[in-house]
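Biologist: I would like to go through this model and ask what stands behind each label you put on it.

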Amino acid sequence: MKQPIKTIKERLFDPAFNDQAYLQALQADERAGVQKLLQQYEKQRVKHQLLQKKYEEMMRFEDEAFQQGARFIAGLDEVGRGPLAGPVVSAAVILPKECQILGLNDSKQLSAKKREELFIEIQNKAVAVGIGVVSPEEIDRINIYQASRLAMKEALIDLAVKPEYLLIDAMTIDTEIPQQSLIKGDARSISIAAASIIAKVYRDNLMKDFHEVYPFYGFDQNAGYGTKVHLEGLAAHGICPIHRKTFAPVKQYL
């Protein structure tokens, strides 16, 4: 007696499934529903293989550091350089050596839903996660580049475990810890990609909270970037306390 299609689907898409004899038996099943499931399974298998290959490629810098004797490697990244409002946020993430989080990438390349899923998975699997937040007032005082570096140093200090090696996205910071700066590091290193996702989701959630206090600028949708809604809000209501006063076009409303 043939298995119900629902039962076949549950078995095929169980993450632990690995039964080649069962797959061969299904290929002989002439039911259209079964053949459709096999096509979906194959598509998912190929996607999984590509994600694994990408992950292995993005482990290159971590692997080199592990081979040199480092046990705890922190990836650092920041988000929020370009917005007209809100803080700049950095994250530092130390992942275990034997860790696999498929789908890690530059946070800007991921959907909001995928970022949220990975944010939770990173928090659950990381050895340590640190956050650094630098206010708009401090950004205005020391400039956005220095504020980004400061946020990274704060994220590093916030780590519960001291790293022995740093991988940083396109920047260097003042520390005695050996470090490597990687251009487009958030798409080349799993540790930096993880930091990118943590920082992005954390900052987006902060801006959603600010939207409740300052509802005229669409911060829940634009995270402080200069969208049409944001610029219209500035024109109609002027600036609010989290605007960066040294940024054009904010300074024209001072």
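Modeller: The model is predicted, and its largest cavity has a volume of about 50 Å³.

Biologist: Why is this called a cavity and not a pocket?

Modeller: The term cavity applies because a 1.4 Å probe fits at its points but cannot get out, whereas a pocket is an open set. The structure holds one cavity of 30 Å³ or more.

Biologist: Which residues line the largest cavity?

Modeller: The lining consists of Met-59, Glu-62, Phe-66, Ile-73, Leu-95, Pro-96, Lys-97, Ile-190 and Ser-191. Helix 4 and helix 8 each give at least two residues to this lining. By class, six lining residues are nonpolar, one is polar and two are charged.

Biologist: What is the volume of the largest pocket, and which residues are closest to its centre?

Modeller: Its volume is about 550 Å³. The pocket is lined by 19 residues, and closest to its centre are Pro-15, Gln-44, Arg-45, His-48 and Leu-102. Helix 3 and helix 5 are the elements that give two or more residues to the lining, and helix 3 has the largest share, with six residues. The lining divides into eight nonpolar, five polar and six charged residues.

Biologist: What makes a set of residues a nonpolar core?

Modeller: The residues must be buried, belong to the listed nonpolar types and be joined through side-chain atoms within 4.5 Å. The largest such core has 35 residues, and Val-93, Leu-95, Leu-104, Ile-122 and Ile-197 have the most contacts inside it. At least two residues each come from helix 3 (32-58), helix 4 (60-67), strand 1 (73-79), strand 2 (88-94), helix 5 (112-125), strand 4 (165-169) and helix 8 (190-213). Helix 8 gives the most, nine residues. Apart from this core lies another, of 18 residues, including Ala-85, Ile-144, Ala-147 and Phe-247.

Biologist: How do you know that Ile-198 is buried?

Modeller: Its relative accessible area is 0%, and buried means under 20%, so Ile-198 counts as buried. Ile-198 lies in helix 8. Leaving aside neighbours within four places in sequence, Ile-198 is in contact with Ala-91, Val-93, Phe-119, Ile-122, Gln-123, Val-129 and Ile-131. The C-alpha atoms of Ile-198 and Ala-91 are separated by 6.2 Å, although the two residues are 107 apart along the chain.

Biologist: What does Ile-122 touch?

Modeller: Not counting residues up to four places away in sequence, Ile-122 touches Val-93, Ile-101, Leu-104, Ala-194, Ile-197 and Ile-198.

Biologist: Why is the pair Glu-78 and Arg-81 called a salt bridge?

Modeller: The distance from N to O is 3.1 Å; the cut-off is 4 Å, so the pair qualifies. Glu-78 is buried at 12% relative accessible area, while Arg-81 is partly exposed at 29%. The structure holds 19 salt bridges.

Biologist: What is the N to O distance for Asp-204 and Arg-115, and what does this pair tie together?

Modeller: Their side chains meet in a salt bridge at 4.0 Å, N to O. Asp-204 lies in helix 8 and Arg-115 in helix 5, so the pair ties together parts that are 89 residues apart in sequence. Both residues are buried.

Biologist: Where do Glu-138 and Arg-141 lie?

Modeller: Both are in helix 6 (residues 136-142), three residues apart, about one turn of the helix. Arg-141 has a relative accessible area of 60%; exposed means over 50%, so the label holds.

Biologist: How do you know whether the peptide bond from Ala-248 to Pro-249 is cis or trans?

Modeller: Omega is near 5°, and the bond is cis. Most peptide bonds are trans. Pro-249 lies in the segment after helix 10 (228-237).

Notes
Residues are numbered from 1 along each chain as its sequence is written. This is a predicted model: local features need pLDDT of at least 70, side-chain atom pairs count only at pLDDT 80 or more; totals for chains, interfaces and linings use all residues. Side-chain values use heavy atoms; hydrogens and water are left out. Buried means under 20% relative accessible area, exposed over 50%, partly exposed in between (1.4 Å probe, protein chains only). Helices (H or I, at least four residues) and strands (E, at least two) are DSSP runs, numbered from the N terminus. Contact means heavy atoms within 4.5 Å. On a 1 Å grid over the protein atoms alone, a cavity is a set of points where a 1.4 Å probe fits but cannot get out, and a pocket is an open set with protein on both sides within 12 Å along at least five of seven lines; lining residues have an atom within 4 Å of a point. Grid points are joined across faces, edges and corners, and a volume is the space filled by probe spheres set on the points. Ala, Val, Leu, Ile, Met, Phe, Trp, Tyr, Cys and Pro count as nonpolar, Asp, Glu, Lys and Arg as charged, and the others, Gly among them, as polar.
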